[in-house]
Amino acid sequence: QVHLVETGGGLVQAGGSRRLSCAVSGNIFSINAMGWYRQAPGKQRELVAVLASGGSTNYGDSVKGRFTISRDNAKNTVYLQMNSLKPEDTAVYYCNTNVKLMDWSNRNYWGLGTQVTVSS
């Protein structure tokens with residue numbers, strides 16, 4: 001079993017900052033990539049940021065320059081530092097990870113999501 005625990009969501013004023021965390025636990029051999037996606041009401045889930053094991057990153061256009069993804073390998077935890085938040089950043093933020101299990105298969109897992117609400 002692989003578990004993802006997301007923390008850090010909440011209410012923040014426009015222009016403010018928030019940091020999300022996602023800890024991965026379970027019987028895994030290694031983590032290939034970790035990232036964040038978000039889904040606003042009535043919209044499709046979209047990429048926020050992804051961090052591959054080699055260190056490469058990919059950000060959604062709407063968050064470039066404002067959000068930063070980072071990872072603590074020792075803790076199997078990924079962070080999303082969100083600065084200069086806007087009301088349009090309001091969404092449920094989902095952690096995603098692609099891992100190599102002990103049987104060497106690669107699997108994709110999602111967290112349950114954490115709500116971020118930005119007030120104007």
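What follows is a walk through this structure, from the overall chain down to a few single residues.

A word on the ground rules: this is a predicted model, in which local features need pLDDT of at least 70 and side-chain atom pairs count only at pLDDT 80 or more, while totals for chains, interfaces and linings use all residues. Residues are numbered from 1 along each chain as its sequence is written, and side-chain values use heavy atoms, with hydrogens and water left out.

Let's start with the whole chain. There are 11 strands and zero helices; here helices (H or I, at least four residues) and strands (E, at least two) are DSSP runs, numbered from the N terminus. The C-alpha trace spans about 50 × 25 × 25 Å along its principal axes. A compact globule of 120 residues would have a radius of gyration near 14 Å, and the chain, at 14 Å, agrees with that. (That radius is taken over C-alpha atoms, and the globule rule is 2.2 Å times the number of residues to the power 0.38.) As for contacts, meaning heavy atoms within 4.5 Å, 53% of those between residues at least 6 apart in sequence join residues at least 24 apart.

Now for the sheet. Four strands form an open sheet in the order β1-β3-β8-β7, with antiparallel pairing; two strands count as paired if DSSP finds at least two bridges between them. At the edges sit β1 (2–7) and β7 (67–72), each pairing on one side only. From one strand to the next, the twist averages 15°, with axes being lines fitted to C-alpha atoms (for helices over the stretch in contact) and angles running from 0 to 180 degrees between N-to-C directions. Look at β3 (residues 18–26) and β8 (residues 77–82): six bridges join these antiparallel strands. In one of the pairings, Ala23 has Thr77 in β8 as its bridge partner.

Next, the interior. Of the 120 residues, 39% are buried, where buried means under 20% relative accessible area, exposed over 50%, and partly exposed in between (1.4 Å probe, protein chains only). In soluble globular proteins, nonpolar side chains tend to be buried together. The largest nonpolar core here has 29 residues, and Trp36, Val48, Phe67, Ile69, Leu80, Met82 and Tyr93 touch the most other members. Such a core is a set of buried Ala, Val, Leu, Ile, Met, Phe, Trp, Tyr and Cys residues joined through side-chain atoms within 4.5 Å. The elements giving two or more residues to this core include β1, β3, β7 and β8 as well as β9 (91–101), and β9 provides the largest share, with five residues. Take Leu80: leaving aside residues up to four places away in sequence, its contacts include Trp36, Val48, Phe67, Ile69 and Tyr93.

Finally, two loops. Most residues other than glycine have a negative phi. Asn76, in the loop between β7 and β8, has a positive phi near 50° and is partly exposed at 23% relative accessible area. Ser84, in the loop between β8 and β9, also has a positive phi near 50°, and its 41% relative accessibility makes it partly exposed.
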